[in-house]
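Let's take a walk through this structure together, stopping at a few residues along the way. Have the model open and follow along.

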Amino acid sequence: KRVHFGTGGLALYVLDLERNKRPATIRDLSNLARLADRLEFVDFFIIPVYPHDINADHVDINSYYCAFRGTGKPIMGGIMNRQGLEKVVKMAATLAGSLDNLRRRPFVGFIASITSPLRISNDQVELIMEVAGYGLPLATSTAPAAGATSPVTLAGTLVQQNAEALMGVILTQLVNPGSPVFYSAVPVTMDMRTMSYLMGSIEAGLMNAAITQLAHYYRLPCYITVGTTDSKLPDAQAAHESALTAMLGALSGGNFIHEAIGMLDGAMTASYAKYVLDNDIVGSCLRTLRGIEINPDTLAVDVIKEVGPGGNYMMVQHTVDYMRTESFSPRTSDRQPYQRWLDAGSKDSWSRAEEIAVQLLEEPARPFISYEQECEIKRLFPELVTVDEDNHNREVSAEGE
């Protein structure tokens, strides 16, 4: 029942730090990997955007390479084709030292899709079988939409998605018993007035909580989807949809909670600022899970006696000992008196999140790949594109630099 939060995947657009919505690029993927690496409550990195400036035949290898260079956190993502999977596994095995080392301690996983209602395409079957054959972590994501591709009732949708999720588990085990796989589900609801699918609805949050209970019943780790929003901007709607559903997923004990960081517009757009805002939301969820610690020291009976009636606790050692750990302090919240907030420029949380994102991205890049590994990978994959530290794309030749 350990709870982990991370990013989510393959948005077509980004909302950048100039507040422009545009097609995502490999530079955005690099920046978002670095941003996720520096946000303390992001546990894993699912490749968040589709880079439109990369040749479609080379998207898989370039996306994972960019992720490996940008973060030391576990990486997961979808795969466009079997050839892309083979290349990514070969690259990851090179970084691990061997395929056996990668299997023993995998830092990379993959996502395949089951199509609601109750179907799976031939190419996705092949991908599931290939990943299972490698023995690497896999999510077999199923995304029923209540009222469209599953019954309109939440209970009916859960019945169908349970069959679909178990289909993915069973298929992997038929190929390779013991292969690591999630009980995977991404249920959504429909706005019956517009026929738009809704990822931020409270009903989607409820279904993900129920999915977690189903996975616990089967004693399987679960891959669920909460924390995203249908809002187009990091506004009040985005805040309440993301926070409410993320808290439901956390309190139910969701294991691998993806798309909880940075997603807008039903996961069609990745937002730099929302990465930072959602990190605060996840921090609040984790503080809630920690609960209230009860022991003789936290009960503070002796301290209460010492301070006595009419005293204050500002200068006692007990306050100093606990003031940094007892309460969570969100980075993007402003808790100053009104006049100080006004004097500081009257910034809202969106503006503060943008400033924090800029600061984090200005920090020197961390080297997650050694020089020798870099040279070997460039030799093996001449189609790679690298993002320089000054954020300009350049082609990398097979001969290296």
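This is a predicted model: local features need pLDDT of at least 70, side-chain atom pairs count only at pLDDT 80 or more; totals for chains, interfaces and linings use all residues.

Setting aside neighbours within four places in sequence, Tyr 64 is in contact with Ile 47, Ile 75, Met 76, Gly 77, Gly 78, Ile 79, Val 88, Met 91, Val 108, Gly 109 and Phe 110. Two names from this stop, Tyr 64 and Phe 110, come up again in the largest nonpolar core, which has 102 residues. Together with Phe 5 and Phe 68, they touch the most other members of that core. If you look for the largest share of this core, you will find it in helix H9 (residues 272-290), which supplies 8 residues.

Next, move to Ser 201, which sits in the loop between strand S11 (196-198) and helix H7 (202-218). Is Ser 201 buried or exposed? Its relative accessibility is 11%, so Ser 201 counts as buried, the cut-off for buried being under 20%. Beyond its neighbours within four places in sequence, Ser 201 is in contact with Thr 189, Asp 230 and Thr 245. With Thr 189 there is also a polar contact, made side chain to side chain at 2.8 Å.

How far apart in space are Glu 18 and Thr 153? From C-alpha to C-alpha the two are 41 Å apart, and 135 residues separate Glu 18 from Thr 153 in sequence.

Terms used: Residues are numbered from 1 along each chain as its sequence is written. Side-chain values use heavy atoms; hydrogens and water are left out. A nonpolar core is a set of buried Ala, Val, Leu, Ile, Met, Phe, Trp, Tyr and Cys residues joined through side-chain atoms within 4.5 Å. Buried means under 20% relative accessible area, exposed over 50%, partly exposed in between (1.4 Å probe, protein chains only). Helices (H or I, at least four residues) and strands (E, at least two) are DSSP runs, numbered from the N terminus. Contact means heavy atoms within 4.5 Å. A polar contact is a pair of N or O atoms within 3.5 Å; within protein, one must be able to donate a hydrogen and the other to accept it, and residues adjacent in sequence count only if both atoms are side-chain atoms.
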